[in-house]
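Q: I am new to this model and would like to learn how to read it. Could you take me through it step by step?

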Amino acid sequence: MRNLWALLLLCPLLTACLGSVDVGPGLDKISRGFSESMRWSDFPNAATYVHLDVRDAFLEQFQEDEDLHIVDSHILSVNIHQHGGQADAVYVMEYYRLPSSQIKKWRWQQRWRLIQVKVTKPGAWLIENEPPALPWRQ
């Protein structure tokens, strides 16, 4: 009985030491991988970072295009939600499309979700919303 009371008294201390659960391990690395794939126009690889439900819409917009030259690709900001394994990010692609040489910016407000298939394996972050229309595809 004495051990039970000691355990009950120690539980709040142990949980305070553990802190809040971080739902975002790996998102910085994953989003960087997506950005690098986009930067080098490796759209099939970039599509692996997009949820299956919207992957076809992504690939429809980003097809091989010899006139498109991506100058820079990066995640501008990330807001990880503490509950639910979700994050909001702003992705920016700087590009020019021949015959123009003017550099333009395209933004995508991304919704990332941590997909947990098995409890025993780490989850995977995927983009779950479609990209907005590209200016030259409108």
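A: Gladly! Let us begin with a term: a salt bridge is a side-chain nitrogen of Lys or Arg within 4 Å of a carboxyl oxygen of Asp or Glu. Keep in mind that this is a predicted model.

Q: How many salt bridges does the structure hold?

A: The general idea is that side chains of opposite charge can pair when their charged atoms come close. Here the structure holds 3 salt bridges. In one of them, the side chains of Arg111 and Glu128 meet at 3.3 Å, N to O. This pair links distant parts of the chain, with Arg111 in strand β3 and Glu128 in the segment after β4, 17 residues apart.

Q: Which other residue forms a salt bridge with Glu128?

A: That is Arg113, with the closest N and O atoms 2.7 Å apart. Arg113 lies in strand β3 and Glu128 in the segment after β4, so this pair ties together parts that are 15 residues apart in sequence. Through shared partners, salt bridges join Arg111, Arg113 and Glu128 into one network.

Q: Where does Arg97 find its salt-bridge partner?

A: The side chain of Arg97 meets that of Asp65 at 2.9 Å, N to O. Arg97 sits in strand β2, while Asp65 is in the loop between α4 and β1, 32 residues apart. Arg97 counts as partly exposed at 28% relative accessibility, whereas Asp65 counts as buried at 16%.

Q: In what order do the elements of the protein run?

A: To read the order, start at the N terminus and list each element in turn. The protein has 4 helices and 4 strands, running α-α-α-α-β-β-β-β.

Q: In what sense do β1 and β2 pair?

A: For strands, look at which ones pair and in which sense. Strand β1 (residues 68-80) and strand β2 (residues 86-97) pair in the antiparallel sense over 11 bridges, and Ile75 stands opposite Tyr91 in β2. On to the next pair: β2 and strand β3 (residues 104-115) are also antiparallel, over 10 bridges. Here Val90 stands opposite Gln109 in β3. β2 and β3 form a hairpin with 6 residues between them.

Q: Which residues of α2 are buried?

A: An α-helix has 3.6 residues a turn, so residues three or four places apart point the same way. In α2, the buried residues are Leu27, Ser31, Gly33, Phe34, Ser35, Ser37 and Met38. Their cover includes α3, α4, β1, β2, β3 and β4. After α2 comes Ser41, whose phi is positive, near 55 degrees.

Q: Which residues have the most contacts inside the largest nonpolar core?

A: To read a core, ask who belongs and which elements contribute. The largest nonpolar core has 25 residues, and those with the most contacts inside it are Phe34, Met38, Phe58, Met93 and Trp112. The elements giving two or more residues are α2, α3, α4, β1, β2, β3 and β4. β2 gives the most, with 5 residues. As for Trp112, its contacts include Leu27, Ile30 and Phe34, along with Trp125 and Ile127.

Technical notes: Residues numbered from 1 in each chain as written. Predicted model: local features only at pLDDT ≥ 70, side-chain atom pairs only at ≥ 80, totals over all residues. Heavy atoms only, no water. Pairing = 2+ DSSP bridges. Core = buried A, V, L, I, M, F, W, Y, C linked by side-chain atoms within 4.5 Å. Buried < 20%, exposed > 50% of the residue type's maximum accessible area, 1.4 Å probe, protein only. Contact = heavy atoms within 4.5 Å.
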